[in-house]
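This report describes selected features of one protein model. Please keep the sequence and the structure in view while reading.

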Amino acid sequence: IQKSGAVTLEDLSRNVAGLSVQNLGPGQSQVSVRGVSAGQVVRDQPGVKEQVGVYLDESVISLSLFTPDIDLYDLNRVETLRGPQGTLFGRNATSGVVNVITAKPKLGTFEAAAEGEYGNYNSIKGKGMVNIPLGDNMAFRVAGIYLNRDGYTRNAFLNTRIDDRDLYSVRGSLRWEPSDDTTIDILASYF
């Protein structure tokens, strides 16, 4: 993912056969697998259901045709499963599933990484990750992303920019291995 330079699911879809992501605005990406999606819909249109499920660590995150903007930082992998996948992922996986698998905490290892960018339109972007061992059989990992950018379009009447962007997300996970046969993972995310 890092070597390809992909930052979002839309970037990643360019390298995956049969997967396409149409960006309809912040938090409104429309994902299709093999050309099948729910079609062009109006926000909160009743009766229309997703055809492609988007999951974060096997928990659904795409609801009512809205897919959160996921930054592909500190991930293990992204799986694209062509459908139908109703048996494993439910009725909203008729066409397929995109399953984003996050990096899990590593026992006994301290790791940290950070990135920063400054660009056009006063764009400030920061990403960071830290993995902290908590004894021999427990570890905690947290990753965060922050993006602030001035908009491209100015409303001349109100003298404001109408497409400023302020995005932040935090993901924390705890891994506990009480025995060789048992692993307990707890994940919390905020986008």
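## Salt bridges

Aspartate 11 has a relative accessible area of 22% and therefore counts as partly exposed; buried means under 20% relative accessible area, exposed over 50%, and partly exposed in between, with a 1.4 Å probe and protein chains only. Its partner in a salt bridge is arginine 14, and their closest N and O atoms are 3.0 Å apart. A salt bridge is a side-chain nitrogen of Lys or Arg within 4 Å of a carboxyl oxygen of Asp or Glu. Arginine 14 is exposed, at 61% relative accessible area. By this rule there are ten salt bridges.

A further salt bridge joins lysine 104 to aspartate 57, with 2.9 Å between the closest N and O atoms. Lysine 104 lies in the loop between β6 (96-102) and β7, and aspartate 57 in the loop between β3 (52-56) and β4, so the pair ties together parts that are 47 residues apart in sequence. Strands (E, at least two residues) and helices (H or I, at least four) are DSSP runs, numbered from the N terminus. Lysine 104 is partly exposed at 26%, whereas aspartate 57 is buried at 18%.

## Basis of the model

The model is predicted: local features need pLDDT of at least 70, side-chain atom pairs count only at pLDDT 80 or more, and totals for chains, interfaces and linings use all residues. Residues are numbered from 1 along each chain as its sequence is written, and side-chain values use heavy atoms, with hydrogens and water left out.

## A salt-bridge network

Glutamate 111 and arginine 141 meet through their side chains in a salt bridge of 3.6 Å, N to O. This pair links distant parts of the chain, since glutamate 111 is in strand β7 and arginine 141 in strand β9, 30 residues apart. Glutamate 111 is partly exposed at 21% relative accessibility, while arginine 141 is buried at 5%. Both belong to a network of salt bridges that links Asp74, Lys106, Glu111, Arg141 and Arg171.

Most residues other than glycine have a negative phi. Aspartate 74, although not a glycine, has a positive phi of about 60°. Aspartate 74 is placed in the loop between β4 (59-60) and β5 (75-82) and is buried, with a relative accessible area of 14%.

Tyrosine 121 also has a positive phi, near 60°. Tyrosine 121 lies in the loop between β7 and β8 and is partly exposed, at 43%.

## Cavities and pockets

On a 1 Å grid over the protein atoms alone, a cavity is a set of points where a 1.4 Å probe fits but cannot get out, and a pocket is an open set with protein on both sides within 12 Å along at least five of seven lines; lining residues have an atom within 4 Å of a point. Grid points are joined across faces, edges and corners, and a volume is the space filled by probe spheres set on the points. Of the 14 residues lining the largest cavity, Asp71, Ile145, Ser169, Arg171 and Phe191 lie nearest its centre.

The largest pocket has a volume of about 760 Å³. Its lining consists of 35 residues, with Val7, Thr8, Asp11, Asp71 and Lys125 nearest the centre.
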